[in-house]
Amino acid sequence: MDPTLALYSIGAVVAATSLPRLKARFELSRAKHASLSGHARMARRIARLVPFYEYDEDSFFRSDGAPDDIAVRRREGFRRLAAIWRERYARTTGLAEEIEDIVSDLQFTNAYRVPFQYSKFVRRHLPAGAFAASTSGVLVTDLDGNSMYDLGGSYGLNVFGYDFYKTCIDDGCERVRTLGPLLGAYHPVIAYNVRRLRAISGLDEVSFHMSGTEAVMQAVRLARYHTGRSHLVRFCGAYHGWWGDVQPGVGNPVPARETYTLRDMAEASLRVLRRRRDIACVLVNPLQALHPNANAPGDSALVDSGRAANFDRAAYTRWLQQLRSVCTERGIPLIFDEVFTGFRLAPGGAQEYYGVRADLVTYGKTLGGGLPVGALCGRKDLMKRFRDDQPANVCFARGTFNSHPYVMAAMHEFLHRMESPEIGALYDNLDDVWNERADRLNRRLGDEGLPVRVANLSTIWTTCYTAPSRYNWMLQYYLRAEGLALGWIGTGRFIFSLNYTAPDFDAVADRFVAAARAMRDDGWCWRTDDATNRSIRRRILREMVASRF
Ligand SMILES: Cc1ncc(COP(=O)(O)O)c(C=O)c1O
């Protein structure tokens, strides 16, 4: 054969065989979100390049180039806050400082409350108080006796108010007292729990775990076992706990090689699901509807006013329906991670709220009636951990504390109360109530010309900023000074419990407006006419380059 012809033939064969692979690769790239959250590997690389530097006391107040008079106002405002912290929170912050050196978690959360350039100075003068003495109604009281409205929501656990959970725990403990912490054998309360979870999830079987992270791990493991495929699909920005495979970007020291992070609410992602053969499951955190493709909105990343949120229930419902349909078509188990949204959006969680059914559903947080838990509900064929025809081929999942009697008993109390008309009534017009509250607060903020707004998905809120600024993270301290208690991620997430009455909410709204007003009056919202989020980010980049070289 003519050697040229032979070469052409080989080339044609190679092209024909690698073309589909190239096409699949190209489709995968197109289904990635343009942000760093959508590019895990690159994000990890860039994270390692970000150098530490910090502002001295003078530049702390004028990192945006503010003139002297503004810097003076900011300094005065900061001093006033620092005095409040010293006088009002002395015991609460004092005890936290005593143990911070030996509690790694505390060091981490304290370091990441504000952008790192400001962090040490803020920590020195406005230290976080890691302790609380009591809760009652919607209030939390610290060691100094300060009562504050709770907007932290205990990471989402608190759906019905702390008093509700106290009774779940007390009554649950009473119920299992004679059995004590015996593990391995079940307490009879479990029979009720699994029947109720079946009814709530609409799925066949249940397994119990110790945390939401573990429930997600088990869901993915089972999906891989039954499909024989390797990759899990998660959507950009979605949090599913701290297990490596669901945290492929910054935060995980090793790459998650069997995870695809796809763009949320995008046709390109559906195309990937339709074509690839290595997808074991699709994992959805329905909370992402509030900010599709964005990470959990912590204040430590609030370097400008780029945080955006906009909940469109109809659009997200359509997206979930599309996902449902492509997963059914392709035999891919669809997992709803309802660790956060379960029991919060509706008694039947996101499945009920959006009217879309999943094949596997994880629950956690509030389900434990105040105690730590994770649960997985699923289709019978997906939940099975062994094969009848291959007895040695099992999908192992155990855990010392799974089905702990005290946890199961508190869960029993929780699920039992969920059946009561009083708890049922808390869900009446839930969205209307909270949307109206958010609208009303936004109108007040707008009327006063304050550059702050809120966006919400039912009782889950986030704060957005309407004018470019480097100092939005300061709002968390003004809010605390007004008696509003936030979680460690600050203004990015407020989690209200359903027992917030109209007067409770009005009090929160008054304090929120007062805090935003004080922050503006202290000069933190100052900006030049031509400032943009882009110009802020460019300035930060220049600082980083200068500090590195
Ligand atoms: C949606 C979702 N999945 C999983 C988890 C992890 O749960 P846990 O913290 O109990 O491990 C969380 C926690 O915030 C969550 O919000």
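A: The model is a predicted one. R537 has a relative accessible area of 42%; the partly exposed class lies between the buried limit of under 20% and the exposed limit of over 50%, so R537 is called partly exposed.

Q: What makes the pairing of R537 with D304 a salt bridge?
A: The closest N and O atoms of D304 and R537 are 2.6 Å apart. The criterion asks for a side-chain nitrogen of Lys or Arg within 4 Å of a carboxyl oxygen of Asp or Glu, and therefore the pair D304 and R537 counts as a salt bridge. The two partners belong to distant parts of the chain, 233 residues apart: D304 is in the loop between β7 (279–284) and α12 (313–330), while R537 is in helix α20 (residues 533–548).

Q: Is D304 buried or exposed, and how do you know?
A: The relative accessibility of D304 is 7%. Buried means under 20%, so D304 counts as buried.

Q: How many salt bridges does the structure hold?
A: The structure holds 31 salt bridges. Among the residues concerned, D171, R175, E413 and R417 are linked in a network of such bridges.

Q: Why are D381 and R379 described as joined by a salt bridge?
A: Their side chains meet at 2.6 Å, N to O. The limit is 4 Å, so the pair D381 and R379 qualifies. As for accessibility, D381 has 45% and R379 has a relative accessible area of 31%. Both values fall between 20% and 50%, and therefore D381 and R379 are each partly exposed.

Q: How do you know that E436 and R440 form a salt bridge, and where do they lie?
A: The closest N and O atoms of E436 and R440 are 2.8 Å apart, and the cut-off is 4 Å. Both residues lie in helix α17 (residues 430–447), four residues apart, about one turn of the helix. E436, at 36% relative accessibility, counts as partly exposed, and R440, at 28%, also counts as partly exposed.

Q: Which residues surround the ligand?
A: The ligand is surrounded by S211, G212, T213, Y239, H240, G241, N285, D337, V339, F340 and K365.

Q: Why is N252 called buried, and what does its side chain reach?
A: N252 has a relative accessible area of 10%; the buried class is under 20%, so N252 is buried. It is found in the loop between β5 (231–235) and β6 (259–262). The side chain of N252 reaches the backbone oxygen of G244 at 3.1 Å. Not counting residues up to four places away in sequence, N252 touches R44, G244 and Q247.

Q: What makes N402 a buried residue, and which residues does N402 touch?
A: At 16% relative accessibility, N402 is under the 20% limit and therefore counts as buried. N402 lies in the loop between β12 (390–394) and α15 (405–418). A polar atom of its side chain lies 3.4 Å from the backbone oxygen of F208. Leaving out residues up to four places away in sequence, N402 touches F208, H209, M210 and E214.

Q: Is S403 buried or exposed, and what is its phi value?
A: With a relative accessible area of 11%, S403 is under 20% and so is buried. Its phi is near 65 degrees, a positive value in a residue other than glycine. S403 lies in the loop between β12 and α15.

Key:
Residues numbered from 1 in each chain as written. Predicted model: local features only at pLDDT ≥ 70, side-chain atom pairs only at ≥ 80, totals over all residues. Heavy atoms only, no water. Near = heavy atom within 4 Å. Helix = DSSP H or I, 4+ residues; strand = E, 2+ residues; numbered from the N terminus. Buried < 20%, exposed > 50% of the residue type's maximum accessible area, 1.4 Å probe, protein only. Polar contact = N/O pair within 3.5 Å; in protein donor to acceptor, adjacent residues only side chain to side chain. Contact = heavy atoms within 4.5 Å.
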